[in-house]
Amino acid sequence: MKDLCVCILAHNEQKHIAETIGAIAENCGTLDLDIKVYANGCTDNTEEIVRSLCRGRSNLYLRELRKPSKANAWNVAFSENKNPILVFADGDVVPEAGAIEALYGLLTKENKQTVVVGCSFWPRKAGLTWGQRFTGFLQIPVRQDFLAGGLYAIRRQGLAQEFAQRNIDGIPSGVTGDDTFLQLVVPPDRFSIISHRVYYEPPELEDYWKYLARIRWQEEQLFTVFSALFTGPGREEKAFGVRMKEKIAGRQGAGRLLLGLMAGGARSVMKTVFRKKIDGCYRALGPVGNEGGNVLSRATRSQSAK
């Protein structure tokens with residue numbers, strides 16, 4: 001069995017999938033790994049592109065799934081691949097050099113209690129419109145202490161044990177936020193973020209409100225429909241002031257902290273000014289329920305350009 005398997009969850013990613021596969025293949029260093037693309041419900045040329053790339057890479061595989069569901073694709077990948085370490089990636093991200101090795105190292109060498117570890121999420125350096133640059137700036141956190149779904153790794157046995165304690169064998173099929181779900185399932189002391197970056201394409205400004213509405217819908221789904229799965233010690237909600245104090249106290253450069261504070265202030269202003277627009281987008285998504293496939297349209301995703 002190889003060191004790890006990188007599972008790329010792709011839905012209509014023809015614009016970036018070749019770049020993502022190439023970046024991951026070049027990023028593995030000395031690791032012996034497989035790369036498997038789980039193309040779910042694609043209606044564009046994603047599958048054809050991956051199929052052609054498979055002919056030139058012996059460790060690249062395509063798994064075609066008819067259902068357009070990221071949660072379902074995640075569950076299939078988790079079930080099929082028994083590697084001790086699994087890396088999950090979106091189909092339109094580019095990890096920086098050393099990111100995958102760092103994820104693997106943290107889960108196998110430095111801290112055996114860690115179950116889930118993710119990378120810092122950053123806007124692409126080039127090829128963005130002014131609107132995408134602005135929304136990318138708005139999404140920069142004061143300190144990233146949350147799991148961003150673009151690129152993260154799990155220790156399979158540890159996560160399987162967390163699932164078993166909750167009588168589940170994967171992510172419930174209707175969950176829209178796989179990353180947030182995993183972070184809520186795993187105890188806080190077994191979750192970590194490394195400084196290595198993964199680059200993504202932010203939404204255009206006209207899609208940003210739809211994205212914010214989807215995040216609101218997603219959080220309400222997790223904390224109402226699936227809240228029983230997250231109970232346990234250490235899950236008490238912290239006051240806003242306490243959370244901000246912990247973020248500011250986190251280790252990072254002064255420039256990075258200032259950028260995050262500026263982005264947070266601008267984000268609050270934008271949410272206030274465009275509250276009615278965001279509320280309208282939220283209502284258009286329909287009632288919050290246990291099946292969230294209807295909210296995962298292209299425009300509501302953080303990476304909107306397919």
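## Cores and selected residues of a predicted model

The secondary structure of the protein comprises 11 helices and 8 strands. The model is a predicted one. Of the 306 residues in the protein, 53% are buried. The accessible surface amounts to about 14100 Å², and carbon and sulfur atoms account for 53% of that surface. Among contacts between residues at least 6 apart in sequence, 86% join residues at least 24 apart.

**Nonpolar cores**

The largest nonpolar core contains 35 residues. Leu4, Val6, Ile8, Val37, Leu103 and Leu151 have the most contacts inside this core. At least two core residues come from each of the following elements: strand 1 (4–10), helix 1 (17–26), strand 2 (33–40), strand 4 (85–90), helix 4 (99–110), strand 6 (116–123), strand 7 (151–155) and strand 8 (191–200). Helix 4 gives the most to the core, with 7 residues. Apart from this core lies another, of 33 residues, which includes Ala73, Val76, Phe78 and Leu222.

When residues up to four places away in sequence are not counted, Leu151 touches Val87, Phe88, Ala89, Pro95, Ala99, Leu103, Gly118, Cys119 and Val198.

**Residues with positive phi**

Most residues other than glycine have a negative phi. Asn12 has a positive value, near 55°, and Asn167 also has a positive phi, of about 60°. Asn12 is placed in the loop between strand 1 and helix 1, whereas Asn167 is found in the loop between helix 6 (156–165) and helix 7 (178–185). Asn12 counts as buried because its relative accessibility is 16%, below the cut-off of 20%. Asn167, by contrast, is exposed because its relative accessible area is 73%, above the cut-off of 50%. The table sets out these values.

| Residue | Phi | Relative accessible area |
|---|---|---|
| Asn12 | near 55° | 16%, buried |
| Asn167 | about 60° | 73%, exposed |

**A buried arginine**

Arg267 lies in helix 10 (residues 254–273). What is the nearest side chain of opposite charge to Arg267, and how far away is it? That side chain is Asp145, 9.7 Å away. Arg267 is buried yet has no salt bridge. The residues that Arg267 touches are Leu138, Gln139, Ile140, Pro141 and Tyr208, with residues up to four places away in sequence not counted.

How values were computed
Residues numbered from 1 in each chain as written. Predicted model: local features only at pLDDT ≥ 70, side-chain atom pairs only at ≥ 80, totals over all residues. Heavy atoms only, no water. Core = buried A, V, L, I, M, F, W, Y, C linked by side-chain atoms within 4.5 Å. Buried < 20%, exposed > 50% of the residue type's maximum accessible area, 1.4 Å probe, protein only. Helix = DSSP H or I, 4+ residues; strand = E, 2+ residues; numbered from the N terminus. Contact = heavy atoms within 4.5 Å. Lys, Arg positive; Asp, Glu negative; His and termini not counted. Salt bridge = Lys/Arg side-chain N within 4 Å of Asp/Glu carboxyl O. Areas by Shrake-Rupley, 256 points an atom, 1.4 Å probe, with all protein chains shown as cover.
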